[in-house]
4 protein chains.
Amino acid sequence: MTAVAGAAAVRSGLAPTTGLVAEHPDLRHAGLAPLDALVFGGHDVTSTPLRKRAEQLAAGGVLPGGLPELVAADLDAAEREVRPGVGPAPAVGEAPADAVRRLAADLEGFRGRLGLERVVVVNVSSTEPPLPPRPEHATWAELGAALERGEEALPPSALYACAAFQAGCSFVDFTPSTGARLPALEELAATRGVPWAGSDGKTGETLLKSVLGPMFATRRLAVRAWSGTNLLGGGDGATLADPANAAGKLASKQRVLAGTLGEPVDGEVHIDHVAALGEWKTAWDHVLFEGFLGVGMTLQFTWQGCDSALAAPLVLDLARFTARAHEVGMTGPLGELGFFFKDPVGDGGHGLHEQYLALRGLADRLAAPEAGR
Amino acid sequence: MTAVAGAAAVRSGLAPTTGLVAEHPDLRHAGLAPLDALVFGGHDVTSTPLRKRAEQLAAGGVLPGGLPELVAADLDAAEREVRPGVGPAPAVGEAPADAVRRLAADLEGFRGRLGLERVVVVNVSSTEPPLPPRPEHATWAELGAALERGEEALPPSALYACAAFQAGCSFVDFTPSTGARLPALEELAATRGVPWAGSDGKTGETLLKSVLGPMFATRRLAVRAWSGTNLLGGGDGATLADPANAAGKLASKQRVLAGTLGEPVDGEVHIDHVAALGEWKTAWDHVLFEGFLGVGMTLQFTWQGCDSALAAPLVLDLARFTARAHEVGMTGPLGELGFFFKDPVGDGGHGLHEQYLALRGLADRLAAPEAGR
Amino acid sequence: MTAVAGAAAVRSGLAPTTGLVAEHPDLRHAGLAPLDALVFGGHDVTSTPLRKRAEQLAAGGVLPGGLPELVAADLDAAEREVRPGVGPAPAVGEAPADAVRRLAADLEGFRGRLGLERVVVVNVSSTEPPLPPRPEHATWAELGAALERGEEALPPSALYACAAFQAGCSFVDFTPSTGARLPALEELAATRGVPWAGSDGKTGETLLKSVLGPMFATRRLAVRAWSGTNLLGGGDGATLADPANAAGKLASKQRVLAGTLGEPVDGEVHIDHVAALGEWKTAWDHVLFEGFLGVGMTLQFTWQGCDSALAAPLVLDLARFTARAHEVGMTGPLGELGFFFKDPVGDGGHGLHEQYLALRGLADRLAAPEAGR
Amino acid sequence: MTAVAGAAAVRSGLAPTTGLVAEHPDLRHAGLAPLDALVFGGHDVTSTPLRKRAEQLAAGGVLPGGLPELVAADLDAAEREVRPGVGPAPAVGEAPADAVRRLAADLEGFRGRLGLERVVVVNVSSTEPPLPPRPEHATWAELGAALERGEEALPPSALYACAAFQAGCSFVDFTPSTGARLPALEELAATRGVPWAGSDGKTGETLLKSVLGPMFATRRLAVRAWSGTNLLGGGDGATLADPANAAGKLASKQRVLAGTLGEPVDGEVHIDHVAALGEWKTAWDHVLFEGFLGVGMTLQFTWQGCDSALAAPLVLDLARFTARAHEVGMTGPLGELGFFFKDPVGDGGHGLHEQYLALRGLADRLAAPEAGR
């Protein structure tokens, strides 16, 4: 929503490009589609109209005061392309294979009707509980058969990935949910020749961990405990207040520390739902570390951010980079997009700066795709 | 002091190598002198014996309880090599040129008497006020002549640099003072074929700025104001409570932001002396930034550190890297050591990670000096 | 401004009474004038219309979105009663005594034209530099004569107090400026039989000091240093960025600590102007204290508040309490209103809870004025 | 332990009376026993000698360096009076009634052997899980009979209270455990004519809540959510990492907010065990509140304290106040000691200042016991 309204605002000159990584001078040569070439649609499980949601965001200080009216035409255009999605509970009478077919048909219809060159499916729905492993996840042959038999073998995030790949679309998972991260789905993406990216957009506490972790590591300061508390308002907070849903998010948050510090670190991470925070979130982290001769010291930080304003530009960046990767013929997991994720695919590391260098490398490759192959 | 006691503790196996950057697996191939090859001496303007100072540090929690006794022999050995230094007020009757000759003779005596291969002079004295420019600073011919005429053309930090170069020693400025950063002294270092490094060890607030600044920049989050307050105990705090002395430190602290964010940023930095903090310092920083669509957000951090425990291992690292650079024939300013400094010489940037990559490059070069030339 | 719009909003039922101390169940028996009995006017040195200022506040998130339109009639009514004030630089050709006469005539005109029972003058203008003492400040006879001779013996805040008293109005100083706090003006207030209150509304950092100071004192925890940094946006921040203007504010902030801890405490207080904060302010305080056996510990707090939203209800409270005190015949300094001030008149102490008990005592006295005399 | 060593240090003049509330000038007339009239003994379930524990505390910075040696004689004297206690698991073969008899005999022996006038039993053991209600808790007749029948009807804290009352000793519960808070035990205390106090010493986060809660309430700022995270090292942290044990502590922490704000408040409280913190604890609280016109604002604080140094002086204060209350003939729950507790008996409120006024009232009553009855 903020992505749709924001893209409209930026291309109309109503807002600067702040927060859009793709507009960095280091990266602008990558040949990405310009913002005004983007067209929005989607699958949704709620029925709040985009206009109304925009007004709520403006009241909460996320969108500038008069913006919803100014971009109303863009919101309406996107609204027309919203179709019913799949939720955590399966729709009555719809078998998983049918749901995938329906979603894929929606994607093909969207692409065809509007004459689009390609479509990127970005999962920004609520976090799912971790998926229990099943033998059918190993190959697409087995998984596809299980879906046809009507087995509930996949959560919604993976059904979307499946539909995207079936329709020849690329896929981005902005959440810690399963998405495309199953051997069977990776196989499907490879077969269809589409790229995909994930997982879990890095917008706050973990973004800081990805620069502070390397700082401690290169300075050889020994982190003894890293504790964190996240206060979230809004729907995301309510979802994550359920420990089952939070499990994936918490695991992905801690992985960055182990990845940058070289070993797992003591300390708990809490996610609390504080409804009165609305669109805002606050993270407090306490890092206890030892320096020379074992002297104990601490770093604390408080990050107070607006979740939509942090996530929306990254969604636009990811859509543009992934579309361009698709265009130049890249397929499979895009590890070079780790800069955007808490739990990146591939082995590109968790340090933000090394991830940025990888992103610059990707931009070079996208700029001159022939040279890079 | 903490460096002397700590080096003794580490080489005796009484303490781990925490905080010593040179012991990072990435850097251990550089061929640096091992810790137990180091011999300590110095120039000092106070007369507190090292043993007594060590006991004070142990009482303040900076050195582990029984350490001063365990390393007493090492402290005594260093004590025997301490000579009177030059202070902010010139010694009665000693012309600057004579002071330089005296300091240089001390360095040569130290090297010769103990049979050392080379000596690194590290300036860890109190911060000086900024130096008013003088025409004599332009060339060594003019500056040397001015010193011979008895003109007070140089502050103590620069007299030390001068003496080091005259004695064929390398020089490291761990403070924001003038040190070797005058054309005349750079010329002298080049003539004598010695390397030097600086300025101003990066141990706390600025260390954080050097990773957080690039984070905001690569994410294209627009920093609107960066405000900081530093509470310092101990002698350093008392010195910096004088605005004249603090001026250099404050300038060097803000340079990192302009260097990483690409432009100067609004916001003040305060340094307060809080005597009751003893050896400790606390920095609080408040960063106001804008994200997508101009939404304002904040990051705050509090860093509570022990200044000696943060600085001492860096002093050891710098001495070892600089000595090795001297050994392999490098001369002039060592920009590759910017990782350690608030205000590094050269144009290696202010982002910590890029500085770390430069340091790794230096380690490679030191490991195979022939290849690198 | 926020007070005018807010009073209108509350009396129209558009907003709850949050923040209005006078609406506390403990205090509602005091017989204060109801909010809808209040009529607003004022003296101003700027010419921004109230409607426009209200829109700016709404854009800054201080007033709810649609409020300015809803209370436009109230704003216009107040606007009609705004007259030119006196600024830091005297108006060309207007002698101080003439300025006082002009202001007093405005007040009398306001009271007469609208048929008001009484008028309370509240000073909410920018903080002035401390006033150099003059012999004429001792008695009204001398001061009045000096003003007639054209001497610039009083700053604007005191000219307003003088005019209020001359017109038989009570006076409240919400700033740390001079206001009525000169023997000559106290004498004038007594002669005219009007009450007055001050100084310097307690809306943030100092409010916290007034509860934390007594906590440390009654627990016998020894505060070693209390340091604070205040980041202020808006016009107030710009005024206080000038050290001359800040001097009074800083003194009044520290007085609370000495008053509650029993002795002056080490530590500096900074006020920085951070324009991008707009209507907001952030205070960070660091308290270093010792407990049993001299163990050092710390408390830090960060207060992020909206200055207008914190001050406006107190302005309404003070106007209502002072008007009622005037009505029941109280004269002179109202020490029982210390709850609202950083630097209260009288000797009622600086601890917030004891001040609250005094305020409850005042409410009882105002409820049954005969009994209390 | 810190209480024993600290009392010795203060009475020998080795440490000031910092942290001892009873030494406040407001309270010194209460006729309390002087510190050097106190004699220490105890029941313990571990067998670490006091001397060794003192050395550990000195190494952790809680006791000054040389103190353990200086007060060794006092520690040894207390050590001689330590007897085996009752732990969470009942001793093999010891029926509850026998345990109570054994503990009571120890108390009587201690009092008789050392010729003490009276004994105060203070429970400072680890927090217990909440006690499931049982019908026998209603009267002493039923409870005593159940204990004789060998039923495990009471947790250790209540067995200690029971033994204290049986031996004619007063009792203080410094933990949130059951202690004397059962009708049957209250009846027993009344029958034996002894006073008792509790529960749960207020040493950090909750102490702050007890002054900040009233601040918000009297200013009519509407607290929307109050979230807190507590990082605890040491044994207390390990015990409270078990949710069953933490339940009582968490309930007692939140009660203060409801008690001072007038209604329950949204927000979670976490207690994390961070072993590397040793004797230290850190609490971070985030308060989201609304002011005038519904503007949202925040207060955050970080409290970094040493648990023993905060608790020990309160244990001494409580022992002295309770002994004096016993001496002057007071019996039953001492609500006037609520100043010291998170969850005070009686209805004296949760605001710290009103509790302090009650404590001053108690001091007056203890000073002139005849007058007060």
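Two residues are in contact here when heavy atoms of one lie within 4.5 Å of heavy atoms of the other. The model to which this rule is applied is a predicted one.

Start with two helices of chain C. Helix H12 covers residues 307-327 of chain C and helix H13 covers residues 352-367 of chain C. Their axes come within 10 Å and cross at roughly 45°. The crossing of H12(C) past H13(C) is left-handed.

Which residues in H12(C) and H13(C) meet? From H12(C) come Phe321(C), Arg324(C) and Ala325(C). From H13(C) come Leu359(C), Leu362(C), Leu366(C) and Ala367(C). Sorted by class, this contact of H12(C) with H13(C) holds six nonpolar residues, one charged residue and no polar residues.

Next, consider Glu23(C). Its place is the loop of chain C between helix H1 (2-11) and strand E1 (42-44). Is Glu23(C) buried or exposed? A residue counts as buried under 20% relative accessible area, and Glu23(C), with a value of 15%, is therefore buried. When neighbours within four places in sequence are left aside, Glu23(C) is in contact with Thr17(C), Arg28(C) and Arg320(C), and also with Arg220(D).

The backbone has some points to look at as well. Leu293(B) is not a glycine, yet its phi is positive, at about 60°. Leu293(B) sits in the loop between strand E8 (280-290) and strand E9 (296-306) of chain B. Its relative accessibility is 7%, so Leu293(B) counts as buried.

In chain C, Leu293(C) has a positive phi near 60°, and this residue is likewise something other than glycine. The loop that holds Leu293(C) runs between strand E8 (280-290) and strand E9 (296-306) of chain C. Leu293(C) has a relative accessible area of 7% and is therefore buried.

Ser199(A) belongs to the loop between strand E5 (195-198) and helix H9 (205-218) of chain A. Ser199(B) is in the loop between strand E5 (195-198) and helix H9 (205-218) of chain B.

Terms used. Residues numbered from 1 in each chain as written. Chains lettered and ligands numbered in written order. Predicted model: local features only at pLDDT ≥ 70, side-chain atom pairs only at ≥ 80, totals over all residues. Heavy atoms only, no water. Axes fitted to C-alpha atoms, helices over the stretch in contact; angles between N-to-C directions. Helix = DSSP H or I, 4+ residues; strand = E, 2+ residues; numbered from the N terminus. Left-handed = near helix turned anticlockwise from the far one by under 90°. Nonpolar A, V, L, I, M, F, W, Y, C, P; charged D, E, K, R; others polar. Buried < 20%, exposed > 50% of the residue type's maximum accessible area, 1.4 Å probe, protein only.
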